[in-house]
Amino acid sequence: MTFTESLGSEKGRMSSVKRVSKQKSGQMVVPGDKLGVIEEYEPGPGTYVEESTGAIYSLTTGRALMDLLNKRVSVFPGVKTLGVPKVGSIVEGLVMEVQNKQANIRIFQVNDRVLNGFFSGLLHISDVSQRYVESMYDVCKPGDIIRAKVISDKNRVFHLSTNERDLGVLQAYCSRCGHVLSLRKFRLNCEQCDNTERRKTAQDYGKEEA
Ligand SMILES: [Zn+2]
């Protein structure tokens with residue numbers, strides 16, 4: 001087993017990050033989670049390679065980022081914590097399921113701390129924006145990374161709001177081809193296939209530092 005460098009700065013590269021599968025890039029991983037194989041990726045910071053198989057694993061607890069452009073996989077370490085979201089917490093999560101009036105969010109980060117596990121959050125359409133929103137499909141889509149505020153934790157369900165400028169989708173992917181979407185004049189555009197999509201974006205969309 002060979003350990004590669006475990007620390008490094010990859011800031012400013014989020015815009016070139018594409019996902020391999022909906023479940024992986026941006027998601028929290030724990031030490032030993034398999035990230036891929038050396039035939040498809042160069043092992044980046046926070047990973048190690050098992051030489052007998054060529055499999056790449058996570059060295060740390062953190063967020064996995066698959067950079068298809070540079071064929072590289074990295075894990076950005078997060079502080080190990082058993083943090084629980086509270087009312088007023090700012091959380092980040094992966095959009096799991098979207099229905100017309102609500103979305104289910106898998107919360108993996110609370111107030112800048114990456115969690116060891118997940119909490120389920122619920123974003124209802126009435127808490128998305130001050131403006132009237134017709135459909136949740138115009139707000140977020142499965143696979144998006146979203147930042148939200150916890151407004152209620154009644155019955156252990158974390159109800160979320162994106163009703164502030166710095167809240168909303170942080171990273172979204174083209175539902176046609178999977179390429180990361182770029183923000184252009186209030187709309188999200190796919191540079192790969194020229195598809196245009198809608199989201200409720202955070203004001204720092206696409207600029208998040210991992
Ligand atoms: Zn596309």
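**Figure 1. Surroundings of Ile105 in the predicted model.** Leaving aside residues up to four places away in sequence, Ile105 touches Gly93, Leu94, Val95, Met96, Gly121, Leu123, Ile146, Ala148 and Leu160, where two residues are in contact if their C-beta atoms, placed from the backbone, lie within 7 Å. Ile105 and Ile146 are the residues with the most contacts inside the largest nonpolar core, which has 47 residues; such a core is a set of buried Ala, Val, Leu, Ile, Met, Phe, Trp, Tyr and Cys residues joined through C-beta atoms within 7 Å. A residue is called buried if 20 or more other C-beta atoms lie within 10 Å of its own, exposed if 12 or fewer do, and partly exposed in between, with C-beta atoms placed from the backbone. Strand β10 gives the most to this core, with five residues. Domain 1 (2–77) and domain 2 (90–171) both give residues to the core, so it lies between them; the domain bounds come from an automatic or database domain assignment. In soluble globular proteins, nonpolar side chains tend to be buried together.

Residues are numbered from 1 along each chain as its sequence is written. This is a predicted model, in which local features need pLDDT of at least 70 and side-chain atom pairs count only at pLDDT 80 or more, while totals for chains, interfaces and linings use all residues.

Figure 2. Strands here are DSSP runs of E of at least two residues, helices are runs of H or I of at least four, and both are numbered from the N terminus; two strands pair if DSSP finds at least two bridges between them. β11 and β13 run parallel and are joined by three bridges, and Gly121 has Phe158 as its bridge partner in β13. Strand β12 (residues 145–152) pairs with β13 in the antiparallel sense, also over three bridges, and Ser152 stands opposite His159. β12 and β13 form a hairpin with five residues between them, and Asn155 in the turn has a positive phi of about 55 degrees.

**Figure 3. The mixed sheet that contains β7 and β8.** Four strands form an open sheet in the order β2-β7-β8-β4, and the pairing is mixed. Because β2 (28–29) and β4 (42–43) stand at the edges, each with a single partner strand, one side of each is left without a neighbour in the sheet. β7 and strand β8 (residues 72–77) pair in the antiparallel sense over six bridges, and the bridge partner of Met66 in β8 is Val73.

Figure 4. Strand β5 (residues 47–50) and strand β6 (residues 55–58) run antiparallel and are joined by four bridges, with Ile56 in β6 as the bridge partner of Val49. Four residues lie between the strands of this hairpin, in which Gly54 takes a positive phi near 75 degrees. Thr61 lies in the loop between β6 and β7 (62–67) and is buried, because 20 other C-beta atoms are within 10 Å. The C-alpha atoms of Thr61 and Gly46, which are 15 residues apart along the chain, are separated by 8.7 Å.

Figure 5. Three strands form an open sheet in the order β15-β16-β17, with antiparallel pairing. The edge strands, β15 (182–184) and β17 (196–197), each pair on one side only. Two bridges join strand β16 (residues 187–189) to β17, and the bridge partner of Asn189 in β17 is Thr196. Asp194 sits in the loop between β16 and β17 and has a positive phi of about 65 degrees although it is not a glycine. Most residues other than glycine have a negative phi. Asp194 is exposed, because 10 other C-beta atoms lie within 10 Å.

**Figure 6. Asn111 between β10 and β11.** Asn111 is found in the loop between β10 (102–110) and β11 (113–124). Although Asn111 is not a glycine, its phi is positive, at about 45 degrees. Asn111 is partly exposed, because 14 other C-beta atoms lie within 10 Å.
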